[in-house]
Amino acid sequence: MTDATSQDQITGPFRAPHNGFQAAPGSIHNDEVASKLGFKGGTVPGSVHMDQFAPMLVELYGEAWFETGNLSLHFAQATVDKEEVQAVVHPGQPRARLQMFNRAGQQVCVGTASAEARDSGSEVARRMAEQTAADPATLRIDADLQVGDTTADIPMKVSRESYDASLGRITERLALYDDRGVLSPAHVIRLAHMSRPFVLAKSKQPYVGLFGALEVRLLAGPVLADRDYVGRTTMRKITESPRTENVWYDVDIADPQTGQDVASVTFMIRAMKASSPLWG
């Protein structure tokens with residue numbers, strides 16, 4: 001449900017997303033760990049914020065968005081448990097522009113969405129293209145990763161039981177999630193994120209990572225709970241900032257029975273240098 005709709009924008013209500021991973025040891029979602037790295041507290045996963053845009057994308061594109069849509073976000077600022085945020089959609093062609101703000105008016109994320117899964121001008125695609133590749137000689141955490149690295153045959157499944165349990169905490173609960181078991185955008189990310197131990201197996205531990213950007217491409221959806229899928233990954237780019245090493249990779253999700261890709265996700269994972277003894 002939206003608070004206001006005009007020709008220029010669709011504005012959602014303020015919501016207070018829950019950080020469900022507070023107890024995870026060594027995680028950016030843990031208050032103690034996050035505070036040591038300069039954050040206000042344990043962070044809400046960026047993927048959770050994706051769900052707040054879903055009702056507005058349905059308003060804009062219809063439920064067909066869950067079959068062939070695109071949602072692409074870059075995160076500017078982390079939020080903490082129950083911190084109120086508001087999603088705003090600016091309709092446009094060939095894509096809508098997305099923003100999210102906290103109560104203080106600070107931008108949490110910026111992005112794009114469209115009715116077409118493949119969007120070469122999406123927020124994440126544009127930012128990845130603009131980034132300069134890291135000099136391999138300067139990398140420490142991700143020194144053993146290479147652009148073009150691939151993995152395959154990764155089993156993926158979100159059980160209906162676990163999905164139903166998480167729907168009680170979701171900021172925007174659409175009927176199709178309950179009635180048909182359609183995965184919300186955040187849960188498509190959850191499904192694809194099952195690839196992380198495979199695609200980042202060569203990253204040097206320990207380190208604390210967080211989502212810097214996420215893109216969901218629904219190619220032949222909807223993606224469903226209680227359905228077996230198989231994933232494959234491709235390393236796209238490795239970049240660096242003064243505080244982070246960043247890996248950009250795709251996860252393609254296929255129906256194992258037909259071999260057809262049903263969705264694809266791009267992750268940008270930031271590894272915090274301050275969290276790794278390699279940068280001590």
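This is a predicted model: local features need pLDDT of at least 70, side-chain atom pairs count only at pLDDT 80 or more; totals for chains, interfaces and linings use all residues.
1. Searching the whole structure gives five aromatic pairs. One of them joins phenylalanine 66 and tyrosine 177: the ring centres are 6.0 Å apart and the planes stand at 80°, so this pair is edge-to-face, the term used for planes over 60 degrees apart. The pair links distant parts of the chain, with phenylalanine 66 in helix α4 (residues 65-68) and tyrosine 177 in helix α7 (residues 175-180), 111 residues apart.

2. Phenylalanine 66 has a relative accessibility of 3% and counts as buried. Tyrosine 177 is at 0% and counts as buried too.

3. Another pair is formed by tyrosine 249 and phenylalanine 267. Their ring centres are 5.3 Å apart and their planes are at 25°, so the pair is stacked, as planes under 30 degrees apart are counted. Here too distant parts of the chain are linked: tyrosine 249 belongs to strand β10 (residues 244-254) and phenylalanine 267 to strand β11 (residues 261-272), 18 residues apart. Both tyrosine 249 and phenylalanine 267 are buried.

4. Trp65, Phe66, Tyr163 and Tyr177 are linked by ring pairs into a cluster.

5. Helix α5 covers residues 123-130, and Glu123, Val124 and Met128 are buried in it. Viewed down the helix axis, the buried residues of α5 fall within an arc of 120°, so they line one face of the helix. Ala129 and Glu130, on the other side of α5, are exposed.

6. What do the buried residues of α5 pack against? Their partners are the strands β3 (70-75), β6 (107-114), β8 (208-218), β9 (229-240), β10 and β11.

7. Histidine 74 is located in strand β3. With a relative accessibility of 13%, histidine 74 counts as buried, because the cut-off is under 20%. The side chain of histidine 74 makes a polar contact of 3.5 Å with the side chain of arginine 270.

8. Apart from neighbours within four places in sequence, histidine 74 is in contact with Val108, Cys109, Val110, Glu123, Arg127, Gly212, Ala213 and Arg270.

Key:
Residues are numbered from 1 along each chain as its sequence is written. Side-chain values use heavy atoms; hydrogens and water are left out. Rings of Phe, Tyr and Trp (its six-membered ring) pair if their centres lie within 6.5 Å; planes under 30 degrees apart count as stacked, over 60 as edge-to-face and the rest as tilted. Helices (H or I, at least four residues) and strands (E, at least two) are DSSP runs, numbered from the N terminus. Buried means under 20% relative accessible area, exposed over 50%, partly exposed in between (1.4 Å probe, protein chains only). The arc is that of the directions from the helix axis to the C-beta atoms. Contact means heavy atoms within 4.5 Å. A polar contact is a pair of N or O atoms within 3.5 Å; within protein, one must be able to donate a hydrogen and the other to accept it, and residues adjacent in sequence count only if both atoms are side-chain atoms.
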